[in-house]
Amino acid sequence: MGVTTDKVVTVLKGSQGTEVIMEQMLRSWDTQITRSLTDRYSNWVFDALDDIADNFLITDPTISGHPIVFASRGFLKMSGYSAEEVVGKNSRIFQGPGTSRRAVLEIREAIREETGVEVSLLNYRKDGTPIWILFRLCPVFSKDDGRVTHFIGVQLPIGRCSRRSSGCFGDGILLGSCRREVCLDLSGEVGRPSGLESFVDSDNRGLEAEESCEASELEKQKATTAVSNILSALTHYSELTGKVVCGKRLHSLGIAPLSSALNISLGRIKQSFVLTDPHLPDMPIVYASDAFLNLTGYSRQEALGRNCKFLCGPDTNVETSSQMRDCIQQQKPCTVRILNYRKDGSSFWNLLHISPVRNASGKIAFYVGVQIEESSKDEGQCLSSEMRQLGTVGAVKVAVRSLSVGVGSSKS
């Protein structure tokens, strides 16, 4: 794994409460990386993927940071990295000063739109030597609800490179607009890349004159075949678990899933929270943060699609639940103290704040519920519970409104 719990906890020594919290979060994150494939596919999928000789990565946009969850043997040999150095990392580590900004933006848009793309890309091996590759990106969809579960990134070395120079991408106005878009992507965490695309680096280089390298038709066909073989393996081993995936989105239930871009934006918010969709029957959870999963002990697959009442138990106050329902019916925010239950049956007092989230047109798209466990509300925190909850609600609203062109249209 790219970051170990021991290293992070050592850095944070001096704050015992923070050590414990960070260690729990990292263990939960490591578990998510491990379970990214095993929760959906039969365990035999690893052997099947290992048998595919092509160079490829599989990433998970539903995990914070859009990390790599599988790297093929061919890719590791080509790049010079070990699996421990790659899995859990964002794929921008393979890019460098000569990587085409234009290609980066093409990949950015493909991930945002959840479509495939094929570009020539200059990447870098572990020893720093550059390598031209034909990069082929393909989303993997859940057949049940149409969500993107993973992205496949095939990276085929280009054999004979006939370079061609590409001029400036545009005039000063267009160039400035592109740089502004990059800055907006960085707004989720100051000083850190947004993680919007696992295959995209997020520096502030301009779209200067660049060189590109064209792949041959044979190489393009090889990349297409590689994607087909990987999808075939994933489909087969997902059928064994009943959680079938495919290479095209199927809207069999008529439910539009959250986009990968919104999932990744929400993943940058570290507080415990869920998004529920009031336009679907029983107002199910459509997004659950990593911190929420860590707090409750449920996996993401166990939480998504369920009404939040599954957290209630024998001693949960019925009047409190009724108060929350009334506020939702009146489309008003509310804050309550409610007894909830984890997956293991243990209870905790939940300081819960619920608020409607409107899209760019002003219509309610979701409700956000922000949870703070009462016993730990002040540990290692400089802000009050109320301020942390309001900050989380604000961050969720910004994420939803900024992407409401693609997400909120179905919520009208």
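1. Among contacts in the chain between residues at least 6 apart in sequence, 61% join residues at least 24 apart, where contact means heavy atoms within 4.5 Å. This is a predicted model, in which local features need pLDDT of at least 70 and side-chain atom pairs count only at pLDDT 80 or more, while totals for chains, interfaces and linings use all residues. Residues are numbered from 1 along each chain as its sequence is written, and side-chain values use heavy atoms, with hydrogens and water left out.

2. Now the overall make-up. The chain has 14 helices and 13 strands; these are DSSP runs numbered from the N terminus, helices being H or I of at least four residues and strands E of at least two. Of its 412 residues, 51% count as buried. Buried means under 20% relative accessible area, exposed over 50%, and partly exposed in between, with a 1.4 Å probe and protein chains only.

3. On to the charged pairs. There are 11 salt bridges, each a side-chain nitrogen of Lys or Arg within 4 Å of a carboxyl oxygen of Asp or Glu. Glu373 pairs with Arg342 in one of them, with the closest N and O atoms 2.8 Å apart. This pair links distant parts of the chain, 31 residues apart: Glu373 is in strand E13 (residues 364–373), and Arg342 is in the loop between strand E11 (334–341) and strand E12 (347–358). Arg342 is buried, at 18% relative accessible area.

4. Two further salt bridges are worth a look. Glu118 and Arg136 bring their closest N and O atoms to 3.4 Å. Since Glu118 lies in strand E3 and Arg136 in strand E4, the pair ties together parts that are 18 residues apart in sequence. Arg112 and Glu109 form another, at 3.7 Å between the closest N and O atoms. Those two are separated by about one helical turn because they are three residues apart in helix H6 (residues 101–113).

5. Please also look at Glu219, in helix H8 (residues 217–239). Glu219 is buried yet has no salt bridge, and the nearest side chain of opposite charge, Lys222, is 6.7 Å away; Lys and Arg count as positive and Asp and Glu as negative, with His and the chain ends not counted. Beyond its neighbours within four places in sequence, Glu219 contacts Leu134, Leu156, Pro157, Ile158 and Gly159.

6. What about the cysteines? The whole structure has zero disulfides, a disulfide being a pair of cysteine sulfur atoms within 2.5 Å. The sulfur of Cys334 has its closest cysteine sulfur in Cys327, 3.8 Å away, which is too far for a bond. Cys334 counts as buried because its relative accessibility is 8%.

7. On a 1 Å grid over the protein atoms alone, a cavity is a set of points where a 1.4 Å probe fits but cannot get out, and lining residues have an atom within 4 Å of a point. Residues lining the largest cavity include Phe75, Phe94, Tyr124 and Ile131. Helix H4 (73–79) supplies at least two of the lining residues, as do strand E3 (117–124) and strand E4 (130–142); the largest share, three residues, comes from H4.

Methods. On a 1 Å grid over the protein atoms alone, a cavity is a set of points where a 1.4 Å probe fits but cannot get out, and a pocket is an open set with protein on both sides within 12 Å along at least five of seven lines; lining residues have an atom within 4 Å of a point.
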